[in-house]
Amino acid sequence: MSRMKELQKNLFGGTTSNARQFGMIFTLVAIIVFFQIQTGGLTLQSGNLIALTQQYAYISVLSIGMLMVIVAGHIDLSVGSVAAFVGIVVAKAVTEHDLPWPLGILLGLVVGALIGAWQGFWVAYVGIPAFIVTLAGMLLFRGGNQYIGNADTVPVPEGFRDIGAGYLPEVGPSTGYNNLTLLLGLLACAAVVWRELRARQVRTQMEGAEPAPLWIAVLRMVVMIAVIVFVTLRFAGGRVGTSFPISGIILAVLVLAYSFYTRNTAGGRHIYAVGGNARAAELSGVKLRRVNFFVMMNMSILAALAGMIFVARSAASGPQDGLSWELDAIAAVFIGGAAVSGGLGTIGGSIVGGLVMAVLNNGLQLTGTGSDMVQIIKGLFLLGAVALDVYNKKQGRFSIIGSLTRSNRSRHEAAAGESVEANVVKQPAARS
């Protein structure tokens, strides 16, 4: 096998999640390069990258929850309204009722959990399709936002604003950069090296599995570390008083936690099993109602967090908060490789999909494109990207979405098959 074929196989068809997501990352890089040229270098300036992270962190938070909902075979149209409702409740509590802002954040998460339990009950235990339940929720909680807030803007205190508009503080000696951001980048580089070495060790120990050639592993690490170093210096070297945003830290923690949950826990595998084949999952012992209730409840909790991040950055809650957020989150998930029918998709892919939409939107704004054309271009890009990928997959050509989901499909189908076989073997024994 030639080195070019080895490179393509291991970058797009390898076993690590990094390899499966390289195709979409290349699309993101192409968009960044295009707008970097079109804007005369504004796209990758420190100030723009920091603003981009703060402006679109809430959409990425929503995409994490939406990915799990879509993988389970549902859709949630209420996330924008839930975020707006929680935002006004928290803003009223901390401003007019003098609730300390840390307790205000806790209150928002509790309200989000109650809303999620409400919607999850109708979906999981009554059997109403999630589309209908969340469509009703979209109307209900949008009205609730306007009723509680009297269609007015309600400000939030300074401390609360840090979760949406705050930065890592300045500590240590003067280096010309934000030291905590530099430390964060160093940890990210170390994590890349550890993960690559760990993946090679695991595949070496697996019977019949061979790790990727060493030169490809080194190339992958070099590329990723170079990107991390570049981004770290951009965030750390912005104007004085700015650095990596707190909202970005929150997002990074959520990505790590949910990626671990969906990949390495029984609960995460059950979500994929339900979305892939609900009947087979039920025969395998998966509690369908419990899974459906969880994904709906989890989505509302993350919507509540996203709403509070947005309110914190805006310094106030308003009646127009949350409009069309669900569409942006759904677009990010599908661009990131999730299947419309459920069962396939990754947290990392959804984040990359969200970055594609965020950079596209930001680049169009920097080039002075009108808001009407921004919506038209985003819609056409979403449709074109997915349509082209589906066409390539049907023609047997390279498919970004196919490369993102191929390994997931094989793993989850194999797991479902083994579970069903085990269940069938047990049943005759029980009857005898």
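Visitor: What do buried, exposed and partly exposed mean here?
Guide: Buried means under 20% relative accessible area, exposed means over 50%, and partly exposed covers the range in between. The model is a predicted one.

Visitor: Then which class does Glu-96 fall into?
Guide: Glu-96 has 46% relative accessibility, so Glu-96 counts as partly exposed.

Visitor: Which residue does the side chain of Glu-96 meet in a salt bridge?
Guide: The partner is Lys-92, with an N to O distance of 3.2 Å. Both residues belong to helix α4, which covers residues 79-96. They are 4 residues apart, about one turn of that helix.

Visitor: Where do Arg-161 and Glu-158 lie?
Guide: Both lie in helix α7, residues 158-165, at a separation of 3 residues, about one turn of the helix. Arg-161 is partly exposed at a relative accessible area of 26%, whereas Glu-158 is exposed at 56%.

Visitor: Which residue forms a salt bridge with Asp-328?
Guide: Lys-378 does, and the N to O distance between the two side chains is 3.7 Å. This pair links distant parts of the chain: Lys-378 is in helix α16 (residues 371-394) and Asp-328 is in helix α14 (residues 325-335), 50 residues apart.

Visitor: Is Lys-378 buried or exposed?
Guide: Lys-378 is buried, with 11% relative accessibility. Asp-328, at 25%, counts as partly exposed.

Visitor: Changing topic to aromatics: how many aromatic pairs are found?
Guide: The search of the whole structure finds 11 aromatic pairs. Among them, Phe-121 and Trp-122 form an edge-to-face pair, 5.5 Å centre to centre and with 70 degrees between the planes.

Visitor: How accessible is Phe-121?
Guide: Phe-121 is partly exposed at 38% relative accessibility. Trp-122 is also partly exposed, with a relative accessible area of 28%.

Visitor: Which residues form the aromatic cluster?
Guide: One cluster is made up of Trp-118, Phe-121, Trp-122, Tyr-125 and Phe-293.

Visitor: What about Asn-292; where is that residue?
Guide: Asn-292 is placed in helix α13, residues 288-314. At 12% relative accessibility, Asn-292 counts as buried. Leaving aside neighbours within four places in sequence, Asn-292 is in contact with His-74, Ala-124 and Val-274.

Visitor: Now helix α15: what span should that helix have?
Guide: Helix α15 holds 20 residues, 347-366, and at 1.5 Å a residue should span 28 Å. The end C-alpha atoms are 28 Å apart, which agrees with that expectation.

Visitor: How many residues of α15 are buried?
Guide: The count is 17 of the 20, so α15 is largely enclosed by the rest of the structure.

Visitor: Which residue caps the N-terminal end of α15?
Guide: Thr-346 is the cap, with a side-chain oxygen 2.9 Å from the backbone nitrogen of Gly-349.

Visitor: And what comes just after α15?
Guide: Gly-368 is found there, with a positive phi of about 80 degrees.

Notes
Residues numbered from 1 in each chain as written. Heavy atoms only, no water. Helix = DSSP H or I, 4+ residues; strand = E, 2+ residues; numbered from the N terminus. Expected span 1.5 Å × (residues − 1). Buried < 20%, exposed > 50% of the residue type's maximum accessible area, 1.4 Å probe, protein only. Polar contact = N/O pair within 3.5 Å; in protein donor to acceptor, adjacent residues only side chain to side chain. Phe/Tyr/Trp six-rings, centres within 6.5 Å; stacked < 30°, edge-to-face > 60°. Contact = heavy atoms within 4.5 Å. Salt bridge = Lys/Arg side-chain N within 4 Å of Asp/Glu carboxyl O.
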